[in-house]
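Let's take a friendly walk through a protein model. Have a look at the sequence and the structure before you read on.

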Amino acid sequence: MTRVTGLTDDHVHSIAGSSDARDTVEVLCARAVELGLAGLCFTEHLDFNRDIPEYGYYVYDRVCAAVDAARARYGDRLEIRMGLEVDFEPKFADEIAETLPRLPVDFILGAVHVVQGQHIMLHAVAGRAWSSTALAAFYRDYFTSLRALLRCGVADCLAHVDYPAKRGMRAADGRPVDGYDAELAATLALAVELGVGIELNTKNVRAGAPLAAPPAALRQYLALGGRHVTLGSDTHGVEQLGDGLEIARVLLSEYGVAPVFFRGRKAVSIE
Ligand SMILES: [Zn+2]
Ligand SMILES: [Zn+2]
């Protein structure tokens with residue numbers, strides 16, 4: 001594994017490839033240089049659900065052109081990489097496995113955003129009071145999708161494990177979710193077995209949002225022998241770039257582990 005120094009932000013969205021982003025590759029790279037980042041990866045959303053307005057927004061050549069232009073300007077100070085955040089649902093597994101080899105990138109984050117037919121963000125903002133039984137069923141579906149994503153064999157790393165908790169979904173009675181520990185353990189064990197990493201997603205951490213994966217999941221992943229942990233702010237606007245990376249790095253160093261990033265689909269350790 002190659003070693004480099006300096007933090008990189010490995011979960012960044014730009015308007016070149018993500019319909020919900022607000023800033024250009026150029027603006028984000030200029031900010032990355034100001035922040036003193038060693039590199040960043042444009043992990044643009046890749047959607048497979050034809051029924052959502054985001055479908056078809058990602059055009060590989062457009063992102064390449066934006067990244068090439070940014071490399072010409074900032075490449076001497078910043079390692080600018082291309083990635084994808086694949087929006088996984090089990091019903092699209094075959095199409096995803098067929099499509100991804102045609103889109104050469106440095107890094108593929110696998111993400112489960114949709115559970116029980118709806119984006120987790122919408123489940124969370126609906127403010128529904130989840131009974132512990134309903135939340136247990138929800139989590140069973142969530143983790144089952146994550147394991148299907150792992151078996152699909154396209155992802156270098158799982159994005160924001162326990163996105164529902166990061167988004168604030170809790171049982172109304174505050175009790176632990178039945179079966180959660182076993183579902184999480186089975187998912188992390190499969191990730192380690194298949195050599196897939198996990199991301200420490202630091203989105204809005206400075207404002208008090210929890211990390212994903214949460215520290216307990218990170219501990220478990222490391223205890224199982226997993227060593228590929230990436231750091232990403234999941235920025236959709238330049239003001240979020242780099243948010244919380246330092247916090248995640250300190251947490252990781254407490255376990256004696258250095259973060260990695262992916263270059264050409266290979267993990268590089270950051271010392
Ligand atoms: Zn995501
Ligand atoms: Zn994202």
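Is His11 buried or exposed? His11 has a relative accessible area of 0%, and it counts as buried because that value is under the cut-off of 20%. Keep in mind that this is a predicted model.

**The zinc site**

His11 is one of the residues that hold a metal. The zinc ion (ligand 2) is coordinated by His11 (NE2), His13 (NE2), Glu85 (OE) and Asp234 (OD), at 2.1 to 2.2 Å. Along the sequence, these donor residues follow the spacing H-x1-H-x71-E-x148-D. His11 and Asp234 link distant parts of the chain, 223 residues apart. His11 sits in strand 2 (residues 8–12), while Asp234 belongs to the loop between strand 10 (229–232) and helix 9 (245–254). Asp234 is buried too, with a relative accessible area of 5%.

What is the geometry of the site of the zinc ion (ligand 2)? The site is irregular, with angles of 81 to 172° among its 4 donor atoms. There is also a neighbour to meet: the zinc ion (ligand 1) is 3.6 Å from the zinc ion (ligand 2), and Glu85 coordinates both.

Now turn to the pockets, set side by side here.

| Pocket | Volume | Lining by class |
|---|---|---|
| Largest pocket | about 430 Å³ | 5 nonpolar, 9 polar and 10 charged residues |
| Second largest pocket | about 180 Å³ | 8 nonpolar, 1 polar and 4 charged residues |

In the largest pocket, 24 residues form the lining, and Asp20, His45, Glu54, His119 and Met121 are the closest to its centre. Strand 4 (79–87), strand 7 and helix 4 (120–125) each give at least two residues to this lining.

The second largest pocket has a lining of 13 residues, with Tyr139, Arg175, Pro176, Val177 and Tyr180 nearest its centre. Here helix 5 (132–152) and helix 7 (180–193) each contribute at least two residues.

**Backbone details in the loops**

Which residues are joined by a cis peptide bond? They are Ala212 and Ala213, with omega at about 10°. Ala213 lies in the loop between strand 9 (197–201) and helix 8 (215–223).

Asn204 is found in the loop between strand 9 and helix 8. Its phi is positive, about 60°, although Asn204 is not a glycine. Asn204 is partly exposed, at a relative accessible area of 33%.

Gln116, also not a glycine, has a positive phi near 50°. You can find Gln116 in the loop between strand 6 (114–115) and strand 7 (118–119). With a relative accessible area of 43%, Gln116 is partly exposed.

Key: Residues numbered from 1 in each chain as written. Chains lettered and ligands numbered in written order. Predicted model: local features only at pLDDT ≥ 70, side-chain atom pairs only at ≥ 80, totals over all residues. Heavy atoms only, no water. Helix = DSSP H or I, 4+ residues; strand = E, 2+ residues; numbered from the N terminus. Buried < 20%, exposed > 50% of the residue type's maximum accessible area, 1.4 Å probe, protein only. Donors = N, O, S within 2.8 Å, 3.2 Å for Na, K, Ca; no water. Tetrahedral: all angles 85-135°; square planar, octahedral: opposite > 155°, others 65-115°. 1 Å grid on protein atoms, 1.4 Å probe; cavity = no way out; pocket = protein on both sides within 12 Å on 5 of 7 lines; lining within 4 Å. Points joined across faces, edges and corners; volume = space filled by probe spheres on them. Nonpolar A, V, L, I, M, F, W, Y, C, P; charged D, E, K, R; others polar.
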